[in-house]
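Please look over the report below. It covers backbone geometry, salt bridges, a pocket and a surface patch.

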Amino acid sequence: MRNRNGTEKNAVTTIFGRIIRREIPADIVYEDDSCLAFRDINPQAPIHVLLIPKKEIARLADAQPEDQALLGHLLLAANKVARQLGVQDAYRVVVNNGAGAGQSVLHLHLHILAGRPMRWPPG
Ligand code: AMP
């Protein structure tokens, strides 16, 4: 759902928006017109990269039909990032949606984790 000013409902600028605008530093590993990937500041694996759309969508649950191409683009970009980091054969992509699922930053992001054995189910 969109607000009258055309922004996504619930979309607020977060620390990730500030990283996109280069207002705060980040260890950026990939960027294209619609997304940005940077290393997580508190890594949970030897490789832990966050991949975010430049569009400020708060949660996956807030994505709209018009975001279909962007969401597909993010998965293909995750694959590119994994290839770039040499972990294309063993990586995990995680999206936490909502505080109850562990989401702490309200800007949609894909966690790309690799470099250690991954257990299942995740905690
Ligand atoms: P989530 O808990 O799914 O919302 O994930 C948010 C992630 O953002 C956590 O893994 C944090 O460690 C990470 N994070 C928070 N602030 C920064 C930052 N300034 N630079 C890089 N990663 C960050």
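Is Arg 22 buried, partly exposed or exposed? Arg 22 counts as partly exposed because its relative accessibility is 47%. Buried means under 20% relative accessible area, exposed means over 50%, and partly exposed lies in between (1.4 Å probe, protein chains only). Arg 22 sits in the loop between α1 and β1 (28-31). Helices (H or I, at least four residues) and strands (E, at least two) are DSSP runs, numbered from the N terminus.

This is a predicted model, in which local features need pLDDT of at least 70, side-chain atom pairs count only at pLDDT 80 or more, and totals for chains, interfaces and linings use all residues. Residues are numbered from 1 along each chain as its sequence is written, and side-chain values use heavy atoms, with hydrogens and water left out.

Most residues other than glycine have a negative phi, and most peptide bonds are trans. Arg 22 has a positive phi, near 60°. The peptide bond from Trp 120 to Pro 121 is cis, with omega near 0°. Pro 121 belongs to the segment after β5.

## Salt bridges

Side chains of opposite charge can pair when their charged atoms come close. The rule for a salt bridge is a side-chain nitrogen of Lys or Arg within 4 Å of a carboxyl oxygen of Asp or Glu. The count comes to 9 salt bridges.

Glu 23 pairs with Arg 18 at 3.3 Å, N to O. Glu 23 also bridges to Arg 21, with the closest N and O atoms 2.9 Å apart. Arg 21 in turn meets Glu 56 at 3.8 Å, N to O. That pair links distant parts of the chain: Arg 21 is in the loop between α1 and β1, Glu 56 in the loop between β3 and α2, 35 residues apart. Shared partners join Arg 18, Arg 21, Glu 23 and Glu 56 into one network. Arg 18 is partly exposed at 38%. Arg 21 is partly exposed at 41%. Glu 23 is partly exposed at 42%, and Glu 56 is partly exposed at 23%.

## The largest pocket

The largest pocket has a volume of about 820 Å³. On a 1 Å grid over the protein atoms alone, a pocket is an open set of points where a 1.4 Å probe fits, with protein on both sides within 12 Å along at least five of seven lines; lining residues have an atom within 4 Å of a point. Grid points are joined across faces, edges and corners, and the volume is the space filled by probe spheres set on them.

The lining holds 33 residues, with Asp 40, Gln 44, His 48, Asn 96 and His 111 nearest the centre. Two or more lining residues come from each of α1 (15-20), β2 (35-39), β3 (47-53), β4 (91-94) and β5 (110-114).

His 111 is in strand β5 and counts as buried because its relative accessibility is 12%. His 111 and Leu 50 are 61 residues apart in sequence, yet their C-alpha atoms are 4.8 Å apart.

## Surface features

Leu 60, Leu 75, Val 93 and Val 95 make a nonpolar surface patch of about 300 Å². Such a patch joins nonpolar side chains (Val, Leu, Ile, Met, Phe, Trp, Tyr) within 5 Å, from residues with over 30% relative accessible area and no salt bridge. Areas come from the Shrake-Rupley method with a 1.4 Å probe; for residues, only the protein chains shown count as cover. Leu 75 lies in helix α2 (residues 68-84) and is exposed at 53% relative accessibility.

Definitions and conventions:
Patches are made of residues with over 30% relative accessible area and no salt bridge: like charges are joined within 9 Å, nonpolar side chains (Val, Leu, Ile, Met, Phe, Trp, Tyr) within 5 Å.
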